Amino acid sequence: MTTLRIEHAISSYDVWRAAFDRFAEARSRAGVTSCAIRRPVDDPLYLLLDLEFPSVAAAEGFAAFLHAQVWNSAESSPGLAGAPRTAILDVVG
């Protein structure tokens, strides 16, 4: 399994969550097998998402989609405060 880790600040969790939920079908089509949304206990306006994929290629493809078609538009990504950071992770050990 490969993880696409996404980190970003938000302006409102409720606004962000509604936008996130609208992309459920896109995540499914991209091959996301599971998702965990986390935030630091001392910063409710910062999120860390771990999206699991069956391959590095699938994770890279979805990251490219997010950068090109979602995060470049305030209409598609309401609730974001600043630019998201991404990393593609593999399990070791």
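Biologist: What does the accessible surface of the protein chain come to, and what share of it belongs to carbon and sulfur atoms?

Modeller: This is a predicted model, and its values are computed from the atoms. The accessible surface of the protein chain comes to about 5400 Å². Carbon and sulfur atoms account for 54% of that area.

Biologist: How many of the side chains are positive and how many negative?

Modeller: The protein chain carries 8 positive and 11 negative side chains. The centres of the two sets lie 3 Å apart.

Biologist: Which elements make up the protein chain, and in what order do they run?

Modeller: There are 3 helices and 4 strands. From the N terminus on, the order is β-α-α-β-β-α-β.

Biologist: Let us turn to burial. What percentage of the residues counts as buried?

Modeller: Of the 93 residues, 32% count as buried. The cut-off needed here is a relative accessible area under 20% for buried and over 50% for exposed, with partly exposed in between.

Biologist: Is valine 41 buried or exposed?

Modeller: Valine 41 has a relative accessible area of 88%, so it is exposed. Its place is the loop between β2 (34-38) and β3 (46-53). Isoleucine 6 is 35 residues away from valine 41 in sequence, and their C-alpha atoms are 17 Å apart.

Biologist: Leucine 45 is found in that loop between β2 and β3 as well. How does leucine 45 count at its relative accessibility?

Modeller: Leucine 45 counts as partly exposed, because its relative accessibility is 39%. Leaving aside residues up to four places away in sequence, leucine 45 touches His8, Ala9, Ile10, Ser11 and Ser12.

Biologist: Which residues does leucine 51 touch, and is leucine 51 buried or exposed?

Modeller: Leucine 51, in strand β3, is buried because its relative accessible area is 2%. Not counting residues up to four places away in sequence, its contacts include Thr2, Leu4, Val32, Cys35 and Phe62. Leucine 48 also has its place in strand β3. At 19% relative accessibility, leucine 48 counts as buried. Under the exclusion of residues up to four places away, leucine 48 touches Ile6, Ala36 and Ile37, among others.

Biologist: How is a pair of aromatic rings described?

Modeller: One gives the distance of the centres and the angle of the planes. In this structure the count comes to 5 aromatic pairs. One of them joins phenylalanine 23 and phenylalanine 65: the pair is edge-to-face, at 6.4 Å centre to centre and 65 degrees between the planes.

Biologist: Which parts of the chain does this pair tie together?

Modeller: Phenylalanine 23 lies in the loop between α1 (13-22) and α2 (24-30), and phenylalanine 65 lies in helix α3 (residues 56-70), so the pair ties together parts that are 42 residues apart in sequence. Phenylalanine 23 counts as partly exposed at 23% relative accessibility, and phenylalanine 65 counts as partly exposed at 24%.

Biologist: What kind of pair do phenylalanine 62 and phenylalanine 65 form?

Modeller: Their pair is tilted, at 5.5 Å centre to centre and 35 degrees between the planes. The two are 3 residues apart in helix α3, so about one helical turn separates them. Phenylalanine 62 is buried, because its relative accessible area is 4%.

Biologist: Which residues form the aromatic cluster?

Modeller: Phe23, Phe53, Phe62 and Phe65 form one aromatic cluster.

Key:
Residues numbered from 1 in each chain as written. Predicted model: local features only at pLDDT ≥ 70, side-chain atom pairs only at ≥ 80, totals over all residues. Heavy atoms only, no water. Buried < 20%, exposed > 50% of the residue type's maximum accessible area, 1.4 Å probe, protein only. Areas by Shrake-Rupley, 256 points an atom, 1.4 Å probe, with all protein chains shown as cover. Lys, Arg positive; Asp, Glu negative; His and termini not counted. Charge placed at Lys NZ, Arg CZ, Asp CG, Glu CD. Phe/Tyr/Trp six-rings, centres within 6.5 Å; stacked < 30°, edge-to-face > 60°. Contact = heavy atoms within 4.5 Å.
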